[in-house]
Amino acid sequence: MNVWEQYKNQSEKKIVRDLLQEEINQLEGNPEQIIFSSVIRKRLWTAIFWGFLTLALLIRYIATDSLDRDFRDAVPPILMGLIWMYRVCSVNYKKAAWNMVRDAMKSPEKPFSQVVSDNIQLTEAWISSKSAHVLLCLLLIFASLGIAVGDRLSEMRVDGMIFKNGQKGCVLVNCVANFTGAHVEIPSHVEGKRVVAIDSGAFMNEQTIVSVNMPDTVISIGAEAFSGCTNLKSIVISENVVEIRGNCFENCTSLTEINLPESITAIHGYAFRNCSSLEQIDLPGGITEIRGNCFENCINLKSIVIPEGVTRIGGHAFMGCTSLSSVTVPNTVQSIGSSAFRQCRSLRRIEIPANASVDERAFKESPTIIYHLDEKDK
């Protein structure tokens, strides 16, 4: 009868108790210090695998800019560390039985008792090693928690606005829960440091905001910074802002007018989408493109002057601007994208450069007559 047939009907615990106890008792020292080399190998590979994952997640977490880190970002390395600790500590004597049966099957000429004896080791060194793994695991967990708590403690709050320190100065990152500010005055300095940026989504969906005054220290406004502020009626933008990022003022349905400083060189897609009350906007001369969906569904926008230097009007840029009746297109425009002026039902006439490429659907569902003009005609 081979080893597997002899022991297949016995439980792992019974195999260890009945067949291995004699060899364990023959060894000197505390039996609790006995373990099997097969278990040591399993613990080693477990520690390497889960330890690597924990360390990789922690490095990724640390490498993330503090402005982009959230308390929830600490959860993956902490969770992975706990799994690592559980896997290292959960391997026990019972796991050795199956490994030793397999080893015995590979060497049928060797008595099973000899396989057991060869597999048993005094493992004071491993016990210390296991403790080191647990301590290292706890260290990484507490490092993740420490960074998360440090980020939270480093926050500065002024009038319900939350600021963090960035590389170039303070950044307005968010608002407190239940923010009630109506007329928002963004400070130029917080605790002696310049406020240089408004982070993505900083005021997103804050329904109480009616007006915003921005200091000239601000040079950057993130995507969706004011998206969904449905009661926002007026905003003063810093004279040093260089771009309006995507969806920045999307769904600001009460915004009637906005003055964009000449410092702006780019207005990204969806920036003013669904600003249904917007009647007038003067585009800065430094931009080179009207990007896709930029003014889509601005149903009260009546006229627009596209500045010299713009080379492209993107797809759906003015789609659904049903009140738009006057558009001035410069000679520099080279292409007009799909559905750029679709459903502009008030746009009866438009003049564009003769060499401009116009998508066949650019004026779909619009009663627009297109005049192609040479530069000398303009």
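The side chains of E250 and R273 meet in a salt bridge, with N and O 2.8 Å apart; the term here means a side-chain nitrogen of Lys or Arg within 4 Å of a carboxyl oxygen of Asp or Glu. E250 sits in the loop between β12 and β13 and R273 in the loop between β14 and β15, so the pair ties together parts that are 23 residues apart in sequence. Before going further, a word on the source: this is a predicted model, where local features need pLDDT of at least 70 and side-chain atom pairs count only at pLDDT 80 or more, while totals for chains, interfaces and linings use all residues. Residues are numbered from 1 along each chain as its sequence is written, and side-chain values use heavy atoms, with hydrogens and water left out.

Helix and strand names follow DSSP runs numbered from the N terminus: helices are H or I runs of at least four residues, strands are E runs of at least two.

**Salt bridges**

Back to that pair. E250 counts as buried because its relative accessible area is 9%, whereas R273, at 23%, is partly exposed. For these labels, buried means under 20% relative accessible area, exposed means over 50%, and partly exposed is in between (1.4 Å probe, protein chains only). E250 and R273 also belong to a salt-bridge network that takes in E296.

The structure holds eight salt bridges. Here are some of them, among them the one we started with:

| E250 | R273 | 2.8 Å |

At 42% relative accessibility, E365 counts as partly exposed.

**Strands and sheets**

β16 and β18 turn up again in an open sheet of four strands, ordered β16-β18-β20-β22 with parallel pairing. Strands count as paired if DSSP finds at least two bridges between them. The edges are β16 (289-290) and β22 (357-358), each pairing on one side only. Strand β20 (residues 335-336) pairs with β22 in the parallel sense over two bridges, and I336 stands opposite V358 in β22.

Strand β3 (residues 156-158) pairs with β4 in the antiparallel sense over three bridges, and R157 has I162 of β4 as its bridge partner. The two strands form a hairpin with two residues between them, and D159 in the turn has a positive phi of about 50°.

β4 also pairs with strand β5 (residues 170-175), again antiparallel, over five bridges. M161 is partnered by C175 in β5. This hairpin has four residues between its strands, and G169 takes a positive phi near 155°.

**Loops with positive phi**

Most residues other than glycine have a negative phi. Which way does the phi of N251 go? It is positive, near 65°. N251 lies in the loop between β12 (243-244) and β13 (257-259) and is partly exposed at 29% relative accessibility. Y270 has a positive phi of about 65° as well; Y270 is in the loop between β14 and β15 and is partly exposed at 33%.

**Surface patches**

Patches are made of residues with over 30% relative accessible area and no salt bridge, joining like charges within 9 Å and nonpolar side chains (Val, Leu, Ile, Met, Phe, Trp, Tyr) within 5 Å. L44, W45 and I48 make a nonpolar one of about 340 Å². W45 is in helix α4 (residues 37-63) and is exposed, at 60% relative accessible area. I48 is also in helix α4, but counts as partly exposed at 44%. The C-alpha atoms of I48 and V88, 40 residues apart along the chain, are separated by 9.9 Å.

Methods:
Areas by Shrake-Rupley, 256 points an atom, 1.4 Å probe, with all protein chains shown as cover.
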